[in-house]
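Biologist: I would like to learn how to read strands and helices in a model. Can we take one feature at a time?

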Amino acid sequence: MFHSSAASILCAFLAAASGAPPFVVALDPGHGGSNRGAPTAKPEQYEKHLTLEIARLVQRRLQGEPGLKIVLCRSDDVLVPIRARARCANQAGARLFLSIHANAASAEQGPGSQRGFEIFVLPAEDVDQEVARAALLADDDAQAAWAAHRARTTAADSLAAARRIRWRLSDALGSDRDRGIKQAWATLDILQGLDMPAVLVEVGFLDHAEEGPFLLSEQGKKTVAAALAGAITDLRSRELRGQRDPMTTAPPGQRRGPAAAPASNVSGARP
Ligand SMILES: [Zn+2]
């Protein structure tokens, strides 16, 4: 068992009492196969290896947690196209998509000059595109309005999830490693076309003289994995306590219409 705290017992009780389907989390270990990602100081060790190891550790930590199911959208050293990763999460009925990456400083920043973790969610203009995409796929105006509502609340839920992950990583790695939540810096193709809240986390800089070796160490990988697993259980228990809008997290086929939608509570979410 991952832990036996009172919160976990409460979660197990609530999950059993609600008869709710499992809270499915799609983990996306960045890169894979010929797409190796950032190099590390170790020969033949790349970002793609680290992201897969962290994802496996998160999965192992959460194995046996009641009401929780972890799906890996890449479970081997293979190239998985971006759209296939989105399909994996959508088909699994995931309630959270978490893409795991590690950084390297750009040439302008200067190799080795940066450290810390940072978290990305879709920029506002991309959310607008998702809203337009959802509306286009709808059969009529009412469905289009509902689809647009869902796309916006999903974006708000992504931010709430990002805050929780940030809080856990900051607690585990130190607040001085916190580079914040960002929305506009990267082109976040990987976070598009998803039906659920989606977050990308860069766990640290592989080219930093201290941080790189730490991330590759057993302790480093375990520390990051424990923080991500903790954030997932936090989000799961928050949902079970009804602190999130169930409309945006209900699995496909169990969503209710907009008339029954309660106000989203994500703005009140604390890290
Ligand atoms: Zn990456």
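Modeller: Start with strand 1 and strand 3: they run parallel and are joined by five bridges. In this pair, Pro29 has Ile100 of strand 3 as its bridge partner. Two strands pair if DSSP finds at least two bridges between them. Helices (H or I, at least four residues) and strands (E, at least two) are DSSP runs, numbered from the N terminus.

Biologist: What kind of model is this, and how are residues numbered?

Modeller: It is a predicted model: local features need pLDDT of at least 70, side-chain atom pairs count only at pLDDT 80 or more, and totals for chains, interfaces and linings use all residues. Residues are numbered from 1 along each chain as its sequence is written.

Biologist: In which sense do strand 1 and strand 2 pair?

Modeller: Parallel, over five bridges. Phe23 stands opposite Leu68 in strand 2. From strand 1 the chain passes through helix 2 to strand 2, a right-handed β-α-β crossover. Right-handed means that, with the strands pointing away from the viewer, the path from the first strand over the helix to the second runs clockwise.

Biologist: Why does the span of helix 2 agree with its 16 residues?

Modeller: The expected span is 1.5 Å times one less than the number of residues. Helix 2 (residues 47-62) should therefore span 22 Å, and its end C-alpha atoms are 23 Å apart, which agrees.

Biologist: Which residues of helix 2 are buried?

Modeller: A residue is buried if 20 or more other C-beta atoms, placed from the backbone, lie within 10 Å of its own. Among them in helix 2 are Leu50, Ile54 and Val58.

Key
A residue is buried if 20 or more other C-beta atoms lie within 10 Å of its own, exposed if 12 or fewer, and partly exposed in between; C-beta atoms are placed from the backbone.
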